[in-house]
Amino acid sequence: MEKLVKDRKTVYFPVPAVIMSRQDIKYFEKCLYSVVLAMSKLKGYCYSGNEALAEMLGCGTRHITQGLAKLKEVRLIKTETKRAGVKVVQRKIYPLVLMDK
């Protein structure tokens, strides 16, 4: 997030209408989805950790964890995790509802 501020660029995280109109998720989860979607544009998935997402959205990591769990529950995202023992070494978050290009 600091890089975005330092570059002094205007950055938008659009929320697709299909997501905005959903009643089964909260506004925060819609915002979180839009960040994941925007960060997935380059590689097709978001690789940011919970700390980075929390900093971007101005909340704690627990809120991010809960939001991602809800997005998974309603099948708006899927995740792939690589572990070394119990430690997570890589996580990919894939948005399942994509914006038109």
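Trainee: Which exposed residues does the face of helix 5 turned away from its buried side carry?
Mentor: Arg62 and Glu73. Exposed means over 50% relative accessible area, buried under 20%, and partly exposed in between, with a 1.4 Å probe and protein chains only. Helices are DSSP runs of H or I with at least four residues, strands are runs of E with at least two, and both are numbered from the N terminus.

Trainee: What should I know about the model itself?
Mentor: It is a predicted model: local features need pLDDT of at least 70, side-chain atom pairs count only at pLDDT 80 or more, and totals for chains, interfaces and linings use all residues. Residues are numbered from 1 along each chain as its sequence is written, and side-chain values use heavy atoms, with hydrogens and water left out.

Trainee: Back to helix 5. Which residues are buried there?
Mentor: Ile64, Gly67, Leu68 and Leu71. Seen down the helix axis, they fall within an arc of 100°, so they line one face of helix 5. The arc is taken from the directions from the helix axis to the C-beta atoms.

Trainee: And what covers them?
Mentor: The cover includes helix 3 (27-39), helix 4 (50-57), strand 1 and strand 2 (87-95). Contact here means heavy atoms within 4.5 Å.

Trainee: New topic. How many salt bridges are there?
Mentor: Two. The term means a side-chain nitrogen of Lys or Arg within 4 Å of a carboxyl oxygen of Asp or Glu. Glutamate 73 pairs with lysine 70, the closest N and O atoms being 3.4 Å apart. Those two are three residues apart in helix 5, so about one helical turn separates them. Glutamate 73 is exposed at 58% relative accessibility, while lysine 70 is partly exposed at 22%.

Trainee: Where's the other one?
Mentor: Between aspartate 24 and arginine 22, with the closest N and O atoms 2.6 Å apart. Aspartate 24 is partly exposed at 35% relative accessibility, and arginine 22 is partly exposed at 23%.

Trainee: Is valine 74 buried or exposed?
Mentor: Buried, because its relative accessibility is 15%. Valine 74 sits in the loop between helix 5 (61-73) and strand 1 (77-84). Leaving out residues up to four places away in sequence, valine 74 touches Arg22, Asp24 and Ile25.

Trainee: What phi does arginine 75 take?
Mentor: A positive one, about 60°, just after helix 5.
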